[in-house]
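For each label, I would like to see the value set against its cut-off.

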Amino acid sequence: MSLDDKKVEILEARVRRSLATLDRLAVPALSSIERRRSSAASPLMRGAAIVATAAVMIVVGLALGDRLNALRADRAASEGTAAAVPSGGYGFFEVVPGATDPGNGTASGVALVDELGRQLMPAVDGLIQAKTSPDGRYVALWLSGAQGFELRILDGINRSLGPAIFTTTERRTRVNEALAWASDSSAVVVSTTADDTANTAGNIRANLHAIDRTTGSVRPLLTYSAFTFEPLGWDRAKGTVLARAVTTPTGGTQFLHVADDGRGVTSVQSVDDTPVIANDAATYVASFPACTPGPCRRFIIHDASTYSVVAQIDFGSRGAPLQTASANWAVLFRPRSSDVLIYFSRPDRPGVFGIELYPNAGRGARRDLGDLAVPRWSDGTYISPNAYFRADGSAIFYGAPTDRSALTWSGDLIDLATAAHTPATAGGIRATVLVDRASGSSGGPTSREISACGQASAAYGGSLVGAYTLNAGDLALQDETRNGPNGPRPLRSNFRDYPADTPIVLCYFDGPIAAPGGPPPIPPATFRPYDRFVVSVDPSDRVTLLVAGHRDRIAVAPRMP
């Protein structure tokens with residue numbers, strides 16, 4: 001909904017046309033306004049200037065006042081449909097097109113690719129598991145090679161793959177997920193065994209190792225006898241690794257706390273459900289219940305310290321009963337958060353899957369993020385989708401494979417601030433990662449970004465709460481695809497006026513932004529002054545106001561607001 005300045009010939013027309021889209025109104029910097037002030041010396045000319053200025057302000061003020069209540073509703077509606085779009089600041093570690101499946105539990109031709117489909121690094125072979133660090137920057141890769149197995153660390157921002165920091169001939173402990181990151185992203189725990197994992201009749205001795213990401217130092221933590229053993233998370237602040245052990249081939253689940261200083265197990269609890277995942281801080285655990293008797297339609301969230309129940313997420317008739325093999329469901333924690341995401345198949349609606357988000361470890365109000373309809377294959381079957389959070393938790397890719405090779409996935413990129421869907425495609429995703437320093441918010445603005453945003457602060461005020469540098473080409477694509485194919489959006493973004501690789505700084509400010517007040521709202525409506533706004537700053541320090549709105553509607557993120 002950007003304003004076409006070329007079609008506006010006078011100030012009043014420009015303002016009136018902008019009323020329906022106040023968030024896109026281009027306001028000139030104060031310095032340029034001052035340069036256009038009259039320099040007349042005579043009292044008559046000064047008086048005429050004052051009268052003219054007052055007349056313009058009256059027109060503008062009355063027009064804004066007449067439209068203020070409508071603007072609130074229009075702005076809320078437009079903010080509610082704003083969508084995340086594929087961005088060069090985020091990446092997937094995915095199987096590249098044309099890669100062959102070796103069929104031995106590993107993946108060949110797996111590479112770092114950004115959301116725009118650009119391959120950023122050479123592909124690697126032999127991938128068994130990939131796990132993203134809590135800060136979103138690193139991916140721990142468990143690889144199969146000629147000498148056995150090795151752990152290597154991929155740095156998404158530096159786009160480099162480090163050497164092996166742990167090698168072994170031991171295999172995983174009969175689980176798909178044998179890696180877990182420390183909550184501070186400094187180290188990884190790996191669960192391996194020297195026993196024959198093909199022997200499904202007996203227990204194995206699981207060896208748990210802690211490996212420092214930077215130094216590669218290895219510290220044995222535990223040897224434990226069980227049928228399967230899986231690390232779930234690592235609370236570095238408490239010095240505790242969380243793990244799940246299944247004691248026999250027919251069941252019997254234990255939840256363990258393991259000291260990360262080598263003292264071994266500090267507590268073991270026999271539990272009647274199955275813990276499946278912990279949040280990044282390892283403070284909460286989500287579990288799959290026993291579901292006896294009858295079908296199961298809920299997940300349970302536990303406090304990681306005590307395993308006491310924090311919340312139960314029941315979806316009742318909204319979803320089909322959960323299958324034991326997790327063929328039609330999943331539960332995930334949002335990165336850097338305790339928010340819980342679940343997805344499940346819809347009953348009596350073949351090929352339709354729902355997805356929901358629950359804040360605060362499942363204790364917050366349910367947010368329905370919409371449905372995904374997957375196509376039926378030629379043999380009449382439907383393949384369940386998978387969900388992958390962006391590494392900073394700002395959006396989620398929810399998609400299904402387009403054919404049995406599973407090399408291409410199609411679905412929706414869902415903005416978690418607005419729940420808006422944007423069609424997207426990707427390869428066979430193994431992990432997500434940040435690939436640009438501007439992505440995410442953990443590093444804070446750079447000195448150059450702070451300097452650029454200072455130009456905007458001088459014009460508009462406010463407190464800087466986030467700054468990101470994106471290419472003009474990426475911003476133009478986001479601008480022209482906002483709100484989906486049928487939603488309001490510019491046919492040609494103003495960012496097309498720059499060369500595609502021009503760095504543009506987005507500055508997020510909190511604080512009031514001046515606008516005429518107009519008449520009071522009709523009760524029970526209340527006036528909500530704008531308290532967040534976003535501007536862009538180009539390399540020539542030209543400042544443009546992009547959007548003004550409310551903090552609960554405008555997410556601080558490296559994307560077009």
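**Labels and the values behind them**

Q: What makes Arg 318 count as partly exposed?
A: Arg 318 has a relative accessibility of 24%. Buried means under 20% relative accessible area, exposed over 50%, and partly exposed in between (1.4 Å probe, protein chains only). The 24% of Arg 318 falls in the range in between, so Arg 318 is partly exposed.

Q: What kind of model is this, and which residues count for local features?
A: The model is predicted: local features need pLDDT of at least 70 and side-chain atom pairs count only at pLDDT 80 or more, while totals for chains, interfaces and linings use all residues. Residues are numbered from 1 along each chain as its sequence is written, and side-chain values use heavy atoms, with hydrogens and water left out.

Q: How do you know that the side chains of Glu 356 and Arg 318 meet in a salt bridge?
A: A salt bridge needs a side-chain nitrogen of Lys or Arg within 4 Å of a carboxyl oxygen of Asp or Glu. For Glu 356 and Arg 318 the N to O distance is 2.8 Å, which meets that limit. The two lie in distant parts of the chain, 38 residues apart: Glu 356 in strand β23 (residues 352-358) and Arg 318 in the loop between β20 and β21. Strands (E, at least two residues) and helices (H or I, at least four) are DSSP runs, numbered from the N terminus. Glu 356 has a relative accessible area of 0%, so Glu 356 is buried. Both residues belong to a network of salt bridges that also links Arg 346, Arg 349, Arg 366, Asp 368 and Asp 371.

Q: What makes Glu 115 and Arg 390 a salt bridge?
A: Their closest N and O atoms are 2.8 Å apart, and the pair is one of 20 salt bridges found in the whole structure. The pair links parts 275 residues apart: Glu 115 sits in the loop between β2 (110-114) and β3 (127-132), Arg 390 in the loop between β25 (386-389) and β26. Both Glu 115 and Arg 390 are buried.

Q: What makes Arg 390 lie over the face of Tyr 90?
A: A charge sits over a ring if NZ of Lys or CZ of Arg is within 6 Å of the ring centre and within 35 degrees of the ring normal. Arg 390 is 4.1 Å from the ring centre of Tyr 90 and counts as lying over its face. Arg 174 likewise lies over the face of Phe 227, at 4.3 Å from the ring centre.

Q: How many aromatic pairs does a search of the whole structure find?
A: There are 13 aromatic pairs. Phe 92 and Phe 397 form one of them, with 6.0 Å centre to centre and 55 degrees between the planes. Rings of Phe, Tyr and Trp (its six-membered ring) pair if their centres lie within 6.5 Å; planes under 30 degrees apart count as stacked, over 60 as edge-to-face and the rest as tilted. At 55 degrees the pair of Phe 92 and Phe 397 is therefore tilted.

Q: Why do Phe 92 and Phe 397 count as buried?
A: Phe 92 has 6% relative accessibility, so Phe 92 counts as buried. Phe 397 is buried too, with a relative accessible area of 2%.

Q: Why is the pair of Phe 299 and Phe 315 called tilted?
A: The ring centres of Phe 299 and Phe 315 are 6.1 Å apart and their planes stand at 40 degrees, so the pair is tilted. Phe 299 lies in strand β19 (residues 298-303) and Phe 315 in the loop between β20 (309-314) and β21 (329-333), so the pair ties together parts 16 residues apart in sequence. Both Phe 299 and Phe 315 are buried.

Q: Why is helix α5 called largely enclosed by the rest of the structure?
A: Eight of the ten residues of α5 (residues 472-481) are buried, so the helix is largely enclosed. Among the buried ones are Leu 475 and Gln 478.
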